[in-house]
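Take the sequence and the fold side by side. The walk below goes strand by strand, then residue by residue.

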Amino acid sequence: MIKKRYGKSDYYKHTPKLHFVKSKNIIKQEFADGPLKPKDIKDMEGWFDPETNTIVLVIDNIDTKIDFVKTLLHEYRHYLQSPKWMTRYYKMGHTYKTHPYELASKRAEKQYKRDKIFINN
């Protein structure tokens, strides 16, 4: 359903896999803007791993159904984006807060309001 509604990536052959982890099991993770710092693990809700075409959700850092859906939409947006440009924007000097792909992914989170079908009590 998510592919039908939000589209298919031009960069990956298949729909991304979905993987769940607990924050205590995150040992070492490298991102386009550098390695994950231990202090950031407590706030991390998920990421898209372009190497394995996997959306990873840190299940114990996601508190509500809405947060779950927003994180999934955010990471799916990253699946749709160019991995080369993800890195290139950071090399151009962007930070997480100014990176065009992060800003687009933040906007994608708001689509949960349109898709309340995902959030049944």
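Asp-49 stands opposite Thr-54 in β5. This is a predicted model, so treat the pairing as part of a prediction. The strands concerned are β4 and β5, the latter covering residues 54–58. They run antiparallel and are joined over four bridges. In general, the strands of a sheet pair through backbone hydrogen bonds, either parallel or antiparallel.

Now widen the view. The sheet is open and has three strands, in the order β1-β5-β4. Its pairing is mixed. The edge strands are β1 (17–21) and β4 (46–49), and each pairs on one side only. From one strand to the next, the twist averages 20°. Helix α2 packs on this sheet and touches β1, β4 and β5. The direction of α2 makes about 25° with that of β4.

Next, look along the helix. Glu-75 sits in α2, which spans residues 65–80. Which residues does Glu-75 contact, leaving aside its neighbours within four places in sequence? They are Gly-46, Trp-47, Phe-48 and Ile-55. Glu-75 is buried, yet it has no salt bridge. The nearest side chain of opposite charge is that of Lys-106, 8.8 Å away.

Finally, move to the segment after α4 (100–109), where Tyr-112 is found. Is Tyr-112 buried or exposed? Its relative accessible area is 16%, so Tyr-112 counts as buried, the cut-off being under 20%. Tyr-112 and Met-86 are 26 residues apart along the chain. Their C-alpha atoms are separated by 24 Å.

Technical notes
Residues numbered from 1 in each chain as written. Predicted model: local features only at pLDDT ≥ 70, side-chain atom pairs only at ≥ 80, totals over all residues. Heavy atoms only, no water. Helix = DSSP H or I, 4+ residues; strand = E, 2+ residues; numbered from the N terminus. Buried < 20%, exposed > 50% of the residue type's maximum accessible area, 1.4 Å probe, protein only. Lys, Arg positive; Asp, Glu negative; His and termini not counted. Salt bridge = Lys/Arg side-chain N within 4 Å of Asp/Glu carboxyl O. Contact = heavy atoms within 4.5 Å. Pairing = 2+ DSSP bridges. Axes fitted to C-alpha atoms, helices over the stretch in contact; angles between N-to-C directions.
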